[in-house]
Structure formats: structure tokens, C-alpha cells
Amino acid sequence: MGKDTVADIITSIRNADMNRKGTVRIPFTNITENIVKILLREGFIENVRKHRESDKYFLVLTLGHRRNKKGSYKSFLNLKRISKPGLRIYSNYQRIPKILGGMGIVILSTSRGIMTDREARLEKIGGEILCYIW
């Protein structure tokens with residue numbers, strides 16, 4: 001794990017989803033907890049629980065998979081990191097992009113906490129665009 005915690009959790013979730021793992025363990029921070037709450041609320045993950053191991057806390061995520069008619073697994077999550085430590089991307093509420101015409105979500109870090117694009121548009125606040133999920 002590096003210094004970019006958002007990219008690290010996105011990569012961990014993406015890798016576990018591509019390898020058809022049922023669960024993934026990520027380090028617990030306030031940012032990761034808020035992002036995971038959004039993923040759970042929007043239905044991208046099935047379950048989350050907090051796990052303690054030798055004075056360190058982890059979040060254990062249960063991923064959901066779709067089956068197509070032939071019985072093979074299809075990747076369920078598509079995640080893309082937008083704002084990076086070397087290049088921060090900010091947007092006001094009017095210019096927040098819509099992913100797949102509103103089917104996907106944009107996770108933003110605002111002055112009122114981490115929230116989705118829909119919530120930011122309702123509260124009419126912008127912020128740093130963390131990632132796209134569809």
C-alpha cells in the first residue's frame with residue numbers, strides 16, 4: 001500500500017473483482033470507511049464488516065458477482081481513479097460529469113464530506129472528483 005489510499009482501495013477492489021474473489025480486505029481509515037459506505041449504499045458491494053488484527057483495523061468487503069446465461073462470471077465493478085496526488089481535479093456542482101447517463105456514480109470529496117454526484121448536485125456544492133464507478 002502506498003500513500004494514495006483511494007487508489008489503493010480502488011485497485012484492491014478491482015483486482016479482487018477480476019479474480020472472482022468473494023472478499024477483499026482493505027486498511028481502515030476515515031476516507032476508506034466513507035467510500036465503502038457509499039459503495040454499500042449504492043449496491044456495488046454486498047456487505048462490509050470491521051475486523052481487528054493485532055492493533056490494526058481492516059474493512060472486509062463482500063463483493064457481488066453477476067452470472068450470465070452460460071454460467072461464467074462477469075466483472076461487476078468498473079472503477080477509475082480521477083484525481084491523483086500529482087494532479088487534483090476539482091469541479092463545481094454544475095459541471096460534475098454523469099457516468100453512463102446517470103447509471104454510474106461519481107464520488108466527490110466536498111467541504112461537507114465524501115458524497116456521490118447526486119448528493120452534491122442536490123446540495124449544490126462541488127469538490128474534488130475522487131473516482132468514477134459504473
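1. Strand 1 and strand 3 (residues 56-63) are paired in the antiparallel sense over 5 bridges, where two strands are taken to pair if DSSP finds at least two bridges between them, and Thr23 stands opposite Thr62 in strand 3. Helices (H or I, at least four residues) and strands (E, at least two) are DSSP runs numbered from the N terminus. This is a predicted model, in which local features need pLDDT of at least 70 and side-chain atom pairs count only at pLDDT 80 or more, while totals for chains, interfaces and linings use all residues. Residues are numbered from 1 along each chain as its sequence is written, and side-chain values use heavy atoms, with hydrogens and water left out.

2. Strand 2 is joined to strand 3 by 8 bridges, and the two run antiparallel, with Ile45 standing opposite Leu63 in strand 3. The hairpin of strand 2 and strand 3 has 2 residues between the strands, and in this hairpin Ser54 takes a positive phi near 50°.

3. The axes here are lines fitted to C-alpha atoms, for helices over the stretch in contact, and angles run from 0 to 180 degrees between N-to-C directions; contact means heavy atoms within 4.5 Å.

4. The buried residues of helix 2 are Thr32, Ile35, Val36, Ile38 and Leu39, buried meaning under 20% relative accessible area, exposed over 50%, and partly exposed in between (1.4 Å probe, protein chains only). Seen down the axis of helix 2, these buried residues fall within an arc of 155°, so they line one face of the helix; the arc is that of the directions from the helix axis to the C-beta atoms. Helix 2 is followed by Gly43, whose phi is positive, near 90°.

5. Asp117 lies in helix 3 (residues 117-123) and, at 2% relative accessibility, counts as buried. Leaving aside neighbours within four places in sequence, Asp117 is in contact with Ile96, Pro97, Gly104, Ile105, Val106 and Leu108.
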